[in-house]
Structures are given as C-alpha cells and as structure tokens.
Amino acid sequence: RKQGADVKYGLGSYYGSARDTAECARLAEEMGWDGLFIGDAVWCVDPMVSLAAAAMVTSRIRLGTMVIPMPLRRPWKVASESAALDNLSGGRLILGLGAGAVWMGWQGFPDEPTDTRTRVEMLEESIEILTLLWQGRPFDYDGRHHHLRLTKVDEQYYPPRPVQQPRIPIWIPGIWPREKSMQRVLRCDGLLPEKLGTDGAPGEVTVEDLRLMATFVRERRTATTPFDIVAQGRTGDLSPAEALDLTRTWGEAGATWWIEDLWEASADQVKDRIRQGPPAFA
C-alpha cells in the first residue's frame, strides 16, 4: 500500500455531556472510526469522566483529549486519572496536552496564570512529571513551578501503572516554524500542527506545512517509539472519492491521523457525521 494508506480516522467532538460522549463513542466504533477525541477547558464537562463513560461501552477505538490545558491542572492528578482511564480502556487512551487557550474562559478565574512563558514552562514540567509518575517508582523533582518528593510517599499508595508503556502517548501542539515549539514536540509522541504567519498571526496549516513539519520530526527525533502527526478538516460534505483523495493527500505528506473537525457541531450533527462513516482506503 502507498504511503498515507494507513491514516487512522478520528472525530474531534464537541463539549457535550458524558452520556452523549459515550453514545458517540459506541456509535463511532460500530461505524468503523478509529478514535474519538474531546476537548477540555477551564470550566466544562470533565473529559476524564466522559472518556471513562466511553471506555465502558467500547472495546477498540482510541479515546483521547484535545487538549488538556496543563497550567490549570495538577500533573499528579492528571497522572492518576489518566492511568486509571488507560487501565479501564485496556490501553486505548491518547493524552493531548497544551499550554491552554486563555481566551476560553480564563477571565473567569483570575488566579490562573495567563502569560505565555509561565504556561509553557508548566506544560513542559507536566510532561516530565507525568512520564515519571507513570513509571510507578519513587523520585524527587524540582522545577520552577512544581516540586515532588515521591521518595517520601509509601509505594502502597501509588496508583497502578498505565497499560501503555513506557507511557500513555502524549500529543502536543507544535507551532510552525517556531523552533522552540517544534523541539518540545520531539519529546512527545504526537504533533498537533499549528502555524504562525510572517506577521505573527495564526494561519491555516497547509499540506506543504505539514510535510515540512513531518520532515523536521523525522530528521531530529531520536526516540524510536511510535510518533503520530494529526491533520484536521471536514469531509462530511464531500463524496467518498473526494474525501478519500483529501485524506490520502494529507497522509502522503506525513499525517498518521485524520481528525474530523466537529468541535462546533451539536450532538445530533456529530452523530449524523459518525453514521456516514470514515473515508476508507480500498
């Protein structure tokens, strides 16, 4: 099969109830989708609760977050929740993490950090801490924002390790062509592509952008564990042949996942799109 023929198909679903998320996941598995991803924000339906509900009614599809704003979360709390969810699902969790979108309600919580440098530092420390906590061994950690003394905690109180080892896959945004942002991606397991134009304003990621980002990762990443690159868009209004052609193009550029953009859709709209099924390679 040609490069790009192994793209997995997921759904980026709206911020709905846990019951709706579970129903969408069950339906998505039935219709042949490969994953269901839901968002998180400063004040919304808890994604871990929703994905736990989804895990109970599915057995195959991957379940994930896109993305948890780590400056708002204690990394040890996320570590225990995600390990529990990975065990519950039989090793199907993908953890999308980010520095957070301040415009998504942060103004209602003035104690939370909003400056970019602090948020990025907290994200980087959280990635390190999660990786260490999932190993289930004592360690000490001293960062700028987080300090841990696991050596002082009796191991009988440690939660079970995740099914997935050496860790639950972590996907984070990478902003092209920012070197520091892309270097951060290399320490993780997946890239959520973003782009800044020459004027510093966010831009739409093109196929060529993704190809350049995939080349950057391939040439610089030293880890040998699997790595995912995520493309997003909409195929619901396309013919099967058009949808297949579109997603194949992104796959040939380096994408390993196509996420159907349903972030703003209603529960009924999400279910209608799920029932159409994913594009399928012949």
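Analyst: One term to begin with: contact, or touching, means heavy atoms within 4.5 Å. Note also that this is a predicted model.

User: Fine. Which residues does lysine 8 touch, leaving out those up to four places away in sequence?

Analyst: Lysine 8 touches Asp34, Thr256, Trp257 and Trp258.

User: And where is lysine 8 found?

Analyst: Lysine 8 is in strand β1, which covers residues 8-13.

User: Is lysine 8 buried, exposed or partly exposed?

Analyst: Lysine 8 has a relative accessible area of 38%.

User: How far is lysine 8 from aspartate 40?

Analyst: Their C-alpha atoms are separated by 22 Å, and the two residues are 32 apart along the chain.

User: Next one, arginine 92. Where does arginine 92 lie?

Analyst: Arginine 92 is in the loop between α3 and β4 (93-98).

User: Buried or exposed, that arginine 92?

Analyst: Buried: the relative accessible area of arginine 92 is 5%, and under 20% counts as buried.

User: What does arginine 92 touch?

Analyst: Not counting residues up to four places away in sequence, arginine 92 touches Glu29, Ala55, Thr58, Ser59, Arg60, Ile61, Arg62, Leu63, Asp86 and Gln164. As for threonine 256, 164 residues away along the chain, its C-alpha atom is 16 Å from that of arginine 92.

User: Switching to helices. How do α2 and α3 cross?

Analyst: The axes of α2 (residues 47-56) and α3 come within 9 Å, with a crossing angle of roughly 10°. Angles under 35 degrees count as roughly parallel, so α2 and α3 are roughly parallel to each other.

User: Which residues make the contact between α2 and α3?

Analyst: On α2, Met48, Leu51, Ala52, Ala55 and Met56; on α3, Val78, Glu81, Ser82, Leu85, Leu88 and Ser89. By class, this contact has eight nonpolar, two polar and one charged residues. Ala55 of α2 is also one of the residues that arginine 92 touches.

User: And how do α3 and α4 cross?

Analyst: The axes of α3 (residues 75-89) and α4 (residues 116-133) come within 9 Å and cross at roughly 45°. The pair α3 and α4 is therefore oblique, and the crossing is right-handed.

User: Which residues are in the contact of α3 with α4?

Analyst: Pro75, Trp76, Val78 and Ala79 come from α3, and Ser126, Ile129, Leu130 and Leu133 from α4. The classes are seven nonpolar, one polar and no charged residues. Val78 of α3 takes part here and in the contact with α2.

User: Which of cysteine 44 and cysteine 188 is buried?

Analyst: Cysteine 188, at 1% relative accessibility, counts as buried. Cysteine 44, at 30%, counts as partly exposed.

User: Last topic, cis peptides. What is omega for the bond from methionine 66 to valine 67?

Analyst: Omega is near -10°, and that peptide bond is cis. Valine 67 is in strand β3 (residues 62-69).

User: And what is omega from tryptophan 176 to proline 177?

Analyst: Near 5°, and that peptide bond is cis. Proline 177 is in the loop between β7 (170-176) and α5 (179-185).

Methods. Residues numbered from 1 in each chain as written. Predicted model: local features only at pLDDT ≥ 70, side-chain atom pairs only at ≥ 80, totals over all residues. Heavy atoms only, no water. Axes fitted to C-alpha atoms, helices over the stretch in contact; angles between N-to-C directions. Helix = DSSP H or I, 4+ residues; strand = E, 2+ residues; numbered from the N terminus. Parallel < 35°, antiparallel > 145°, perpendicular 65-115°, else oblique. Left-handed = near helix turned anticlockwise from the far one by under 90°. Nonpolar A, V, L, I, M, F, W, Y, C, P; charged D, E, K, R; others polar. Buried < 20%, exposed > 50% of the residue type's maximum accessible area, 1.4 Å probe, protein only.
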